[in-house]
Amino acid sequence: MNTNTLSTTIKDTPLIIAGRAFKSRFLLGTGKFKNKLDLKESILASGTEIVTVALRRIDLERHQENILEYIPKNVTLLTNTSGARNAPEALRIARLARESGCGDWIKIEVINDSKYLLPDNQETIKATELLVKDGFIALPYMYPDLYVARELVKAGAATVMPLGSMIGSNQGLKTKEFIRILLNEIDLPIIVDAGIGSPSQAAEAMEIGAAAVLANTAVATAGSPALLAQSFSLAVAAGRLAYLSRMPHPKTIADASSPLTGFLFDHDHAR
Amino acid sequence: MKITINGQEKEFTSSVNLKKVIEQFCKDSQHVIAEVNGTIIKSQVWPEKNLSNGDTVELVNFVGGG
């Protein structure tokens, strides 16, 4: 028997959102890509199965490329409600998205502040209620607050998407301890969204038990977006394995890795 | 006849339906979504949706977003 062969095959459960199973736990945003080919390559390189898109007015003066042509058909579209400042506006955007025939999965994003782009949690709860009543699969983006998360669960959200830090800031998991509370208390997939600027930050979110991570700005603005997308995907998978391994917690004093018996100089020690 | 399309006032000399307006302003109408006066109009009924003076039309499509 070859003792070098791994005795166990690592098995993970898929990410389940609204009854659908996904192998990849990395979600990619499609904004800010310099060109659409970079976007397509990033989707393929990362193996992501869910990408976010936005809805905007068509530019009447110049032709715009249709972004959907660069997104493989097997990838789930998650339309965000960016631009919505309140719950009724979020519902209006969601209904427009549904009319396109591209599904009814909506990332609820209700923002009233243009400097920090923080989500308006109270309007987000109202928007979740409205959208769920209207038949949408609602994935609300929120500031990590336990009471708000509980309201989102009550409203019928499919996931809760707390921010790691400000949108596009690349600051990473500044809200880690508050996300940890949601992970402990909320019985829905927690997808960390916003501010995740590097693969190590994505891995950190997965290590503490996040169900998935969404990144956009870091990938889209990298010198080689597809490379970073792949790196994010690997980091998310690595963080997931670490979480499943039930790795030990940090200690405040040393704990020797080598045995503390049988030293060569034991007789010296005994003297 | 004046129609406001995506916030811009456009002048039309003769009566026009929504399908014609979309064909005029959108090269690729496959994933265009249209609202007239705040109501979504399904693509199947664009040809029958005649526009009137003062109507407000919103034409949207998908773009990159996070």
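Q: Why does A:Ala18 count as partly exposed?
A: Burial is read from neighbour counts: with C-beta atoms placed from the backbone, a residue is buried if 20 or more other C-beta atoms lie within 10 Å of its own, exposed if 12 or fewer, and partly exposed in between. A:Ala18 has 14 C-beta neighbours inside 10 Å, so this residue falls in the partly exposed class. Its numbering follows the written sequence, counting from 1 in each chain, and chains are lettered from A in written order. The model is predicted, so local features need pLDDT of at least 70 and side-chain atom pairs pLDDT 80 or more, while totals for chains, interfaces and linings use all residues.

Q: What is the phi of A:Ala18?
A: Most residues other than glycine have a negative phi. For A:Ala18, phi is positive, near 50°. A:Asn170 also has a positive phi, near 60°, and is partly exposed, with 16 other C-beta atoms within 10 Å.

Q: Where does A:Ala18 lie?
A: Strands are DSSP runs of E with at least two residues, helices are runs of H or I with at least four, and both are numbered from the N terminus. A:Ala18 sits in the loop between β1 (15-17) and β2 (20-22) of chain A.

Q: Is helix α6 (residues 199-207) of chain A mostly covered or uncovered?
A: Mostly covered: 7 of its 9 residues are buried, among them A:Pro199 and A:Met206.

Q: In which sense do β4 (residues 50-57) of chain A and β5(B) pair?
A: Two strands pair if DSSP finds at least two bridges between them. Here the pairing is antiparallel, over 5 bridges, and A:Leu55 stands opposite B:Phe62 in β5(B).
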